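This report covers charged residues, backbone geometry and side-chain contacts. The chain is shown first.

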Amino acid sequence: MIKNYFQVNNSSKLSKKILIQPLFVDQKIKTSKYIKGLGDNRSWSLSNILKTIEKDLKKGIFNFLLFIVPSSKQKSPEDFSYHFEVIQNIKKQFGTDIVLLVDTCLCSLTIDGHCGVTHQKKIDLFKTHYSLGLAANTYLEAGADIIAPSDMMKNTTKYLRKIFNQNNFSNIPIMSYSSKFKSNFYGPFRGAAKSTPKGFDRSSYQLPIQDRKKAIKSSINNAAQGANYLMVKPAMTSIDLIKEIKDQTLLPTGSYQVSGEYASLLMLDKNKFGNYIELLNESLLVLKRAKSDFIITYGARDIANYI
């Protein structure tokens, strides 16, 4: 039976249990490194990420979305040993005290920064699915609680669900980045994840921002393929989609307040056009009002003491 970490909840109240804090672990970093635009969010070494999680737990934040950045790139990613080490160490220390979601994509591993394996400026879907399957299976063996595929490739959820069923992981939930747009709001993240695409853009697999119908259909398709949680990304520019996706699929649906959205709040505060924590609180309340069942935000640890 698949454990239900996030439930459909139409309340407009913001609570810590629905907040998810992103975390970056970078193999090249010895302690921590500043991420331009993301305030107190940093890229951490493995030893320091454990201390960070411990501090967040004391604030009442226990849901974490993990992004792992290995030191070397691969043309067709197959080596996820560093990912295994990071996840295993985190779960060994914190166990069931935390819910560990692991972003499942190839953009931090591929040479050209694309979310899949490429050949002649096109995605090789077969090789991409193979690498994603290896990655997800490795993460689960290491102890991940939720797999969160963000690649936006055709039929990834279906492929992963099949792999999970074959490897005795049928009880593991999938949180699909099911309505993820090709957006200009991802800048600070790409710096941290070392995932800026080269050679061609991501329009062949990420959604066009103006196509509402296609965005909703994408989430419906992911639900049919075995996703347990759905998501819109970026959050603020997708609030019109959340309720309809929930109505169509009956699945918990959340929103990802992405790095550019979050950075804009910090810039407003820095230039004395608003107060950071009040801006953050308002932006998250709007997402809850729009019926988000969970919210991924770089400000989860900051808002925890405010709500």
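Lysine 33 sits in strand β2 (residues 32-34); helices (H or I, at least four residues) and strands (E, at least two) are DSSP runs, numbered from the N terminus. The relative accessible area of lysine 33 is 48%, so the residue is partly exposed. Buried means under 20% relative accessible area, exposed over 50%, and partly exposed in between (1.4 Å probe, protein chains only). Accessible areas come from the Shrake-Rupley method with a 1.4 Å probe, and for residues only the protein chains shown count as cover.

Lys28, Lys33, Lys73 and Lys198 form a patch of positive charge on the surface. Patches are made of residues with over 30% relative accessible area and no salt bridge, with like charges joined within 9 Å and nonpolar side chains (Val, Leu, Ile, Met, Phe, Trp, Tyr) within 5 Å. Lys and Arg count as positive and Asp and Glu as negative, while His and the chain ends are not counted. The place of a charge is taken as NZ of Lys, CZ of Arg, CG of Asp or CD of Glu.

## Basis of the model

This is a predicted model, in which local features need pLDDT of at least 70 and side-chain atom pairs count only at pLDDT 80 or more, whereas totals for chains, interfaces and linings use all residues. Residues are numbered from 1 along each chain as its sequence is written, and side-chain values use heavy atoms, with hydrogens and water left out.

## Salt bridges

Side chains of opposite charge can pair when their charged atoms come close. A salt bridge is a side-chain nitrogen of Lys or Arg within 4 Å of a carboxyl oxygen of Asp or Glu, and the count comes to six salt bridges. In the one between arginine 301 and aspartate 56, the closest N and O atoms are 2.8 Å apart. Arginine 301 belongs to helix α10 (residues 300-303) and aspartate 56 to helix α1 (residues 46-58), so this pair ties together parts 245 residues apart in sequence. Both partners are buried, arginine 301 at 10% relative accessibility and aspartate 56 at 2%.

Aspartate 145 and lysine 91 also form a salt bridge, with the closest N and O atoms 2.8 Å apart. Aspartate 145 is in the loop between α3 (125-142) and β8, and lysine 91 is in helix α2 (residues 81-94), 54 residues apart. Aspartate 145 is buried at 13%, and lysine 91 is buried with a relative accessible area of 13%. Glutamate 244 meets arginine 212 at 2.9 Å, N to O. Helix α7 holds glutamate 244 and helix α6 (residues 212-224) holds arginine 212, so the pair ties together parts 32 residues apart in sequence. Glutamate 244 is partly exposed at 27%, as is arginine 212 at 35%. A network of salt bridges links Arg212, Asp240 and Glu244.

## Backbone geometry

Most residues other than glycine have a negative phi, and most peptide bonds are trans. Methionine 152 has a positive phi near 65°, and asparagine 155 has a positive phi of about 65°. Methionine 152 lies in the loop between β8 (146-149) and α4 (156-166), and asparagine 155 is in the loop between β8 and α4. Methionine 152 is buried at 14%, whereas asparagine 155 is partly exposed at 31%.

The peptide bond joining lysine 233 and proline 234 is cis, with omega about 0°. Proline 234 is in the loop between β10 (230-233) and α7 (242-249).

## Asparagine 281

Asparagine 281 is part of helix α9 (residues 276-289) and is buried at 14% relative accessibility. Leaving out residues up to four places away in sequence, asparagine 281 is in contact (heavy atoms within 4.5 Å) with Leu14, Ile303, Tyr306 and Ile307.
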